[in-house]
Amino acid sequence: MAELAAVVGIGQTKYQTKHKTVSIAGLVRDAALKALQDAELTWDDIDAVIVGKAPDMFEGMIMPELYLTDALGCNGKPMLRVHTAGSVGGSTAIVAASYVQSGMFKRILTVTYEKQSESNAMWALSNAQPFSVHLNAGAGGFFAPIIREYMRRTNAPSDAGIKVAVKDRLHGARNPLAHLQLPNITMKEVEDSPMLWEPLRFLESCPSSDGACALVISNEELAKQSPKKPAWIRGTAMRSEPTMYAGREEVSPQAGIDCAKDVYAQAGITNPRKDLDCAEVYVPFSWYEPMWLENLGFAEKGEGWKLTMEGATSLDENGDIPWNCSGGVLSSNPIGASGMIRFAEAARQVRGDAGDHQVDGAKLALGHAYGGGAQFFAMWVVGSEKA
Amino acid sequence: MSDANKEALEPITGIESPVYLDYNFTAGAATARYLSKVKEGKLVGQRCPSCRNVYIPPRGACAACGVATTEEVELSNKATVQSFTIVHIPIPGNPIKPPYVIANLIPDGANISFLHLLSECKNEDVRIGMRVEAQWKDPSEWTFAMENIKYYTPIDEPDVPAEEIGRLKDA
Amino acid sequence: MRDIAIVSFVQSDCVRDAGALNEVELIMPVIRKVLDNVGIQSAQDVDFTCSGSCDYLQGAAFAFVLGVDALGAVPPIKESHVEMDAAWALYEAVLKIRMGQADSALLYGFGKSSPGELPIVLSQQLDPYYLSPLWLDTVSSAALQARAMLDNGDITEADMAEVVARSRKNAKSNPHAQLKGDVSVDELLAEPTYLSPLRMHDCCPISDGASAMVIATVEKAKEWGKPYAVLKGIDHRIESHHFGARDLTKSVSTEIAAKAAGVANGPVEVAELYAPFSHQEIILKKALGLGDDTVINPSGGVLAGNQMMASGLSRVGEVANRIIKGEIKRGVAHATSGHALQQNLVAVLEGE
């Protein structure tokens, strides 16, 4: 019953610590214009705009879609703002796609962004609430104990995380938009970097970036006008579970497993490692690659680290299932946009449009995002064919 | 304006725009009851009537079942380490010097962990399944805050196997 | 296109200060009731859940995440969230149902505005470079709008007072309302101005609370065997952010949304309008093309109680409940967001 929809335009700003020459409106407009130009369209060709970003407190602005209306050509059009914590970039793309898939709109623009440099994201994330019963130890303090449990269960070699940190930055060095450009990074350099939350070192963690990402999504009829090959949306799925509950499986959350099963079923995928050509997966801390390889069904339980160590996920090592060819979240992390960047980069792959980080002949790609305490998941599968 | 004056003016590229907002926080009924007990030196969780798991800190609802939790269960000062990390960066506003251990601890009688500090032990000795006990501050210093417990320290009891940590024991 | 049925709507009482209740404690009772009305157990029994809220009201980033604890989200559920009034969460759910990924949905909105100073908090909704450093609060921007209308001769102060008197009177029959009673236009006009030309009573109160709704396809509603109202049309539009770039005395976005939603396709017996300030009801009535035979805000509207982030959904729910009870056959609901009616949503509901 869903209408077929496709990505016909993609725009991204360069990701960097501070975008000093543009305001927040300028930043999102930059990405939006690039997406329109990519699709050879104008503002008038857009029926509605959907904006997404992480907590308002990161820039100190409440409900920024109100302010961004003018910058995004939305005067007189429908505007919506999605907010699902860290997975927001992905869920925004999914909600945006539903505008077209519901048959209610023909062509829409969606933008996600973060301009963390304009406020104090660290403060916003860690400001102690009165009556808080929890010790505040930052994101790493939450994820590091879970990683430790993964290592205990699997007996993974202690440098599996380091291998991911190197691989994703080498991929990032092929992507001129990536924030961290570290073409000479080595295992030793990562190992020697300061330990933050054991076992996570500084170079195994994502940066904090400013940036924006935009997509133009249209229906089948209008996709014919697309100057580039459309990236057909073959499946979308979202799942949520509570952050904490007794007996929660935190290493491989059920919501991730269920979300992946749903999107694979929609796209006709039975063996993700074989059926997909590549994946853009939300890995903000190195060890999440082996963990997500299992959670997403690319590897058997307990064996995700083997794929990483074998080089299966590496472009440079000619792996059969490259992950995060764009450099991933480990190379660029504007929090509100990171999820959509994964979705956008998956689309670039199947359009043959990923430049130096292209996987040859990619036809089917997965985009993945997660947020909160690894409890909100959003995924899509895009393909070069309609079915 | 003379040329010299013109050169002295730098273009404005940004402004600082501080935001001051006052909030009067309330704790929520379940949190308020919990912290009142903490002020008395007790850890009290709540049991879900549906799945029987005991929550700490209690939130007034069982997140898994979506039902209100009202039955209070007093918990032990002893706990098991479910997992942990050694932190090398300072916590904002906390005087403890890195590297220090923070751990997910499940107090005896509860089925969910909370985060707290471990101390008076060698960081390298900390392991999953380790048994620990709460070290409270002097009662004269007790307020409505988890900081009433300074930290947890290891005790001489056998480790709990990982698969059993926090599991609901049949009554 | 699949027809959408509104099957159940519940709201909590509008109170100035919910006291020591956290998000979960605010939400759970309305969710319990709204599901009980349908005869279902938890979020597991619908295909999609979507909520609306704003972290800044409570002053805590990620406040909405705690709301998920009220749902019984194990096994994991399809769930999403907008940082807007829950009327827009309703919109997102309509899209989900129309594309076939859901046959039913649970919506909820909640706001605890009491911890902060709401109009000042909302001043941070403005352009961060040029407007929010001026700390223009929402009452002041509404006052500018009212001044423009008075100076134009579009309204008189007595017209504004009439809206208030009628709202308070209507609220007498609404058990959830915060401000209700009989008061005359003269009594109201005798009050001093608060933020000229607005008097205190021209402004909605600050209310804590939550509301929830269950929607489904018409087929699903019939399967549940419950009466329902049909959502015949829904549309929303936004206008330029900059006060000088739009005519504050009209609501162009409401006009466009009204047309797209099909307001004029039939008689409008009841209209629930989200007008946080009395003069705005007059603007909206005109923009929706409503005649004097339409009963506006029989619930008392938000002048009688305004649960931020839930009031928009509540306007839809109020109309739906009247249709379900058989009191009316057709009605319109409206929601707004931003200063001085910058963004507006219009929904048209009819009986089966």
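Predicted model: local features only at pLDDT ≥ 70, side-chain atom pairs only at ≥ 80, totals over all residues.
Between chain C and chain A, 18 residue pairs are in polar contact, with both partners at pLDDT 80 or more. Several elements of chain C give two or more residues to the side that touches chain A. They are the helices α2 (55-58), α3 (63-67) and α4 (86-98), together with the strands β3 (79-82) and β8 (229-238). The most comes from α4(C), which gives seven residues. By class, this side of chain C holds 27 nonpolar residues, 15 polar residues and twelve charged residues.

The extent of the contact can be stated in residues and in area. Chain C brings 54 residues to the contact, and chain A brings 56. The size of an interface is often expressed as the accessible area that is lost when the parts come together. Between chain C and chain A, the buried area is about 4,900 Å². Carbon and sulfur atoms give 64% of that area.

Chain B also touches chain A. Here 34 residues of chain B are in contact with 26 residues of chain A. The area buried between chain B and chain A is about 2,700 Å². Carbon and sulfur atoms account for 67% of this area. The salt-bridge count between chain B and chain A is zero. Seven residue pairs are in polar contact between chain B and chain A, both residues being at pLDDT 80 or more. On the side of chain B that touches chain A, at least two residues each are supplied by α2, β6 (78-87), β7 (100-107) and β8 (114-118) of chain B. The largest share, six residues, comes from β6(B). This side of chain B divides into 21 nonpolar, eleven polar and two charged residues.

Within chain B, three strands form an open antiparallel sheet in the order β2-β1-β5. Strands β2 (54-55) and β5 (71-75) of chain B stand at the edges, and each has a single partner strand, so one side of each is left without a neighbour in the sheet. Strand β1 of chain B spans residues 43-47. Five bridges join β1(B) to β5(B) in the antiparallel sense. In this pairing, B:Leu43 stands opposite B:Leu75 of β5(B). Helix α2 of chain B, residues 29-39, lies across β1 and β5 of chain B. This helix runs at about 150° to β1(B).

The loop between α2 and β1 of chain B contains B:Gly41. Leaving aside residues up to four places away in sequence, B:Gly41 touches B:Trp136 and B:Trp142. B:Gly41 and B:Asp138 are 97 residues apart in sequence. Their C-alpha atoms are 9.8 Å apart in space.

Salt bridges were also counted over all chains. The total by this rule is 52. Side chains of opposite charge can pair when their charged atoms come close. One such pair is A:Lys228 and A:Asp38, whose side chains meet in a salt bridge at 2.4 Å, N to O.

Note on methods
Residues numbered from 1 in each chain as written. Chains lettered and ligands numbered in written order. Heavy atoms only, no water. Contact = heavy atoms within 4.5 Å. Buried area = accessible area lost by both parts, 1.4 Å probe. Polar contact = N/O pair within 3.5 Å; in protein donor to acceptor, adjacent residues only side chain to side chain. Helix = DSSP H or I, 4+ residues; strand = E, 2+ residues; numbered from the N terminus. Nonpolar A, V, L, I, M, F, W, Y, C, P; charged D, E, K, R; others polar. Pairing = 2+ DSSP bridges. Axes fitted to C-alpha atoms, helices over the stretch in contact; angles between N-to-C directions. Salt bridge = Lys/Arg side-chain N within 4 Å of Asp/Glu carboxyl O.
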